[in-house]
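Here is a short tour of a protein model with more than one part to explore. Have the structure open beside you as you read.

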Amino acid sequence: MTFKATLLAAGAALALAGSAAADPVKVGMITTLSGGGASLGIDTRDGFMLAVEAAANPDLTVVIEDDQQKPEIAVQLADKLIQSDKVDVLTGIVWSNLAMAVVPAATAQGKTYLSTNAAPSQLAGKGCNPGYFSVSYQNDNLHEAAGAYAATAGIKRAFIMAPNYPAGKDSLSGFKRFYEGEVVSEVYTQLGQTDYASEIAQIRASDADGVFIFLPGGMGISFVKQYAESGVGLPLIGPAFSFDQSILQAMGDAAVGVLNGANWSPDLDTAANATFVEGFRAAYGRLPSVYAAYGYDTANLLLSAMAKAPVSDTEAFRAALKEADFASVRGKFSFAPSNHPIQDLYVREVVKEGDIYTNKIVGTAMTDRGNPYEDACKM
Amino acid sequence: MAGGPAPPAPPETRPLSAMLLIEQALNGLQYGIMLFLMAAGLTLVFGVMGLINLAHGSLYMLGAFACAAVAAATGSFWLGLAASLAAAAAAGALIELSVIRRLYARDHLDQVLATFALILILSEGTRWLFGSFPLYLDIPAALSGPVRLPGGIDYPLYRLALIGFGLAVAAGLFLLIGRTRLGIRIRAGEADREMIAALGVDISRLYTLVFALGAALAGLAGALVGALQSVQVGMGEPVLILAFVVIVIGGIGSINGALVGALLVGMTDTLGRALLPVAFATVLPPAEAGSVGAALASMLIYIVMAGVLVMRPGGLFGRA
């Protein structure tokens with residue numbers, strides 16, 4: 001009798017566990033796959049899909065869409081994914097302005113959004129939401145890392161520069177938050193600017209002993225090449241976006257020796273990271289970028305939550321996400337109450353290994369860093 | 001305070017030295033000359049054929065990609081430069097023969113639509129061929145590094161070379177248009193295309209030639225500037241907008257106007273970016289001065305364009 005009861009209970013438990021695992025999850029990925037910013041979205045997608053394919057979980061399906069880096073397209077895609085594809089989870093947006101256009105509406109419709117990159121301050125503070133998780137960072141973090149480390153790196157008088165748009169202003173205030181030296185000049189450039197001769201002349205004429213730049217994508221490539229050519233030669237520091245794997249090969253020797261604040265690096269010494277970097281290189285024939293690393297972590301976070309709770313039970317599923325019970329390529333990783341990461345921030349240096357330009361960690365800038373907007377988040 | 005030495009200026013408002021001003025003027029000159037190479041082709045095509053070619057920026061991108069690919073394969077920037085000229089001219093001729101030819105009789109809106117389609121086709125085609133990651137193209141070793149100019153300014157040699165090279169190309173273009181038979185035909189085509197066709201000039205071949213010439217100039221500019229910037233899909237569109245500003249200021253169809261307009265835009269933009277934040281710093285706190293100055297500097301060329309259009313609606317050298 002007791003034996004039979006035990007068997008029954010075990011059977012019921014098995015059936016329950018089976019039903020939890022068999023609850024299919026449909027993910028809608030909106031990312032940039034065409035236009036000038038495509039390399040970022042492609043890395044996000046490839047990192048994410050690497051983890052999805054390694055897990056081979058038949059309950060997980062992914063629908064991938066290209067937002068062309070345009071907010072209005074991203075909004076249309078989100079509507080389509082939610083209403084017609086009936087996805088449970090959205091992810092993949094690279095740019096903060098697109099995230100602002102999509103995330104609040106998606107969470108308001110009860111969907112869960114996992115950010116693989118963009119994490120604007122508006123979504124960390126007052127605008128935080130139980131359905132929104134940033135797996136990457138909060139936008140200020142990598143600038144903070146550069147600022148916290150700049151004085152250690154011998155930059156006592158910094159010339160700081162960013163494009164004149166919201167993320168550029170956040171970048172400079174993030175840098176200044178933990179910078180212990182003096183800011184001698186603060187310059188805003190045009191978004192998408194390609195010629196920096198005028199700014200480089202100002203750097204030469206200033207009495208700065210180091211330069212902080214936040215110039216993502218093509219802007220950074222242009223600046224670094226022109227800066228190297230000018231012979232000014234002051235040390236450069238920036239956030240990882242300005243010196244990432246996807247653009248280093250186009251900068252070439254001009255980038256060698258540049259410091260950049262990051263929360264991940266291909267040489268970060270964790271078992272999960274070694275598996276990731278090797279797997280990525282084998283699958284795609286190139287080194288992964290930070291975007292690929294965030295995509296990979298996001299997929300693994302999602303898989304870990306799927307194993308714990310059915311996606312139909314929104315509350316339990318989000319609680320499972322919040323536990324962050326997965327092996328992050330960054331090693332230590334947990335969520336703060338605002339669903340933004342608490343993690344270590346590093347400073348990397350651009351090096352040349354054989355024919356490949358890549359980054360190596362040279363120091364730890366901050367440990368267990370959360371974000372400055374945490375107190376404004378009420379949930 | 002009275003009678004004492006003047007208080008030292010805070011670091012952000014350091015007075016601009018004459019040297020810095022000269023360096024910025026050189027930067028403006030170099031920027032303007034590169035814009036001229038872009039705008040010359042655009043204005044020629046519009047002047048001779050009455051065609052608005054939005055795909056001009058794509059030819060600029062094509063030149064940069066051809067240069068980067070050939071330079072990477074052969075190790076020689078100069079071969080890359082030759083390849084950029086050849087590739088852009090060939091692409092220009094091909095586009096003229098296959099697409100543009102059908103558009104001369106249509107109105108400008110049809111031309112804009114078709115050439116916009118060309119932008120999308122060329123951009124995605126380039127991505128398909130070269131991938132989404134920016135390509136590497138470096139300055140040739142002979143022209144790398146700074147040189148010391150009289151007066152003690154360290155100035156990048158490559159930018160100086162660009163100024164010289166751009167001026168030489170501009171001079172060549174003026175000779176071509178002012179002194180050769182082809183130039184006479186081009187000017188005649190601008191003035192009265194039915195008449196020169198009636199005189200027995202093969203107008204369709206002339207159009208193909210002019211279009212290929214404009215494309216080659218754009219490709220050349222793309223390769224020269226690509227070595228300073230990033231070679232990536234979509235690099236042509238921001239330059240295209242500036243090139244349109246240049247030809248609107250200079251007068252559509254006028255090569256002289258394109259040169260003056262390009263130098264005006266290059267100087268205004270560079271000096272505006274350098275001087276406006278300093279000017280605002282005398283009345284505003286530094287951080288605000290930086291952001292207000294930068295915002296106004298980015299509008300400056302459009303303000304100049306609006307001003308020119310109010311004074312001379314046909315542009316500086318345009319036929320009103």
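UniProt, in an unreviewed entry, places the feature "domain: Leucine-binding protein" at residues 24-354 of chain A. UniProt positions follow the numbering used here, feature names are shortened, and annotations may be inferred rather than shown by experiment. Over residues 24-354 of chain A, 42% of the chain is helix and 20% is strand, while the end C-alpha atoms are 45 Å apart. Helices (H or I, at least four residues) and strands (E, at least two) are DSSP runs, numbered from the N terminus.

Before going further, keep in mind that this is a predicted model, in which local features need pLDDT of at least 70 and side-chain atom pairs count only at pLDDT 80 or more, whereas totals for chains, interfaces and linings use all residues. Residues are numbered from 1 along each chain as its sequence is written, chains are lettered from A and ligands numbered from 1 in the order in which they are written, and side-chain values use heavy atoms, with hydrogens and water left out.

**Two domains in chain A**

How is chain A divided by the domain assignment? Domain 1 covers 7-139 + 268-343, and domain 2 covers 141-263 + 345-376; such bounds come from an automatic or database domain assignment. Taken over C-alpha atoms, the centres of the two domains are separated by 28 Å. Their contact (heavy atoms within 4.5 Å) takes 26 residues from domain 1 of chain A and 25 residues from domain 2 of chain A.

Across this domain interface there is 1 salt bridge, meaning a side-chain nitrogen of Lys or Arg within 4 Å of a carboxyl oxygen of Asp or Glu. On the side of domain 1 of chain A that touches domain 2 of chain A, α5 (121-124), α12 (290-306) and β12 (341-353) each supply at least two residues. The residues of that side divide into 12 nonpolar, 11 polar and 3 charged. Here Ala, Val, Leu, Ile, Met, Phe, Trp, Tyr, Cys and Pro count as nonpolar, Asp, Glu, Lys and Arg as charged, and the others, Gly among them, as polar.

**Where chain B meets chain A**

Now turn to the two chains: 43 residues of chain B are in contact with 44 residues of chain A. Together they bury about 3,300 Å², 50% of it on carbon and sulfur atoms. Buried area is the accessible area (1.4 Å probe) that two parts lose on being put together, summed over both. B:F133, B:Q229 and B:R273 supply 19% of the area that chain B buries against chain A, more than any other three residues.

The interface of chain B and chain A has 3 salt bridges, and the count over all chains comes to 26. Here are some pairs to find in the structure.

| Salt bridge | N to O distance |
|---|---|
| A:D195 and B:R159 | 3.1 Å |
| A:D368 and A:K332 | 3.0 Å |
| A:R177 and A:E144 | 2.5 Å |

The last pair links distant parts of the chain, with A:R177 in helix α7 (residues 166-178) of chain A and A:E144 in helix α6 (residues 141-150) of chain A, 33 residues apart.

**Annotated spans in chain B**

For "transmembrane region", an unreviewed UniProt entry lists several spans of chain B, including residues 29-52 and 293-311. Residues 29-52 of chain B are 88% helix and 0% strand, with end C-alpha atoms 27 Å apart. Residues 293-311 of chain B are 100% helix and 0% strand, and their end C-alpha atoms lie 26 Å apart.
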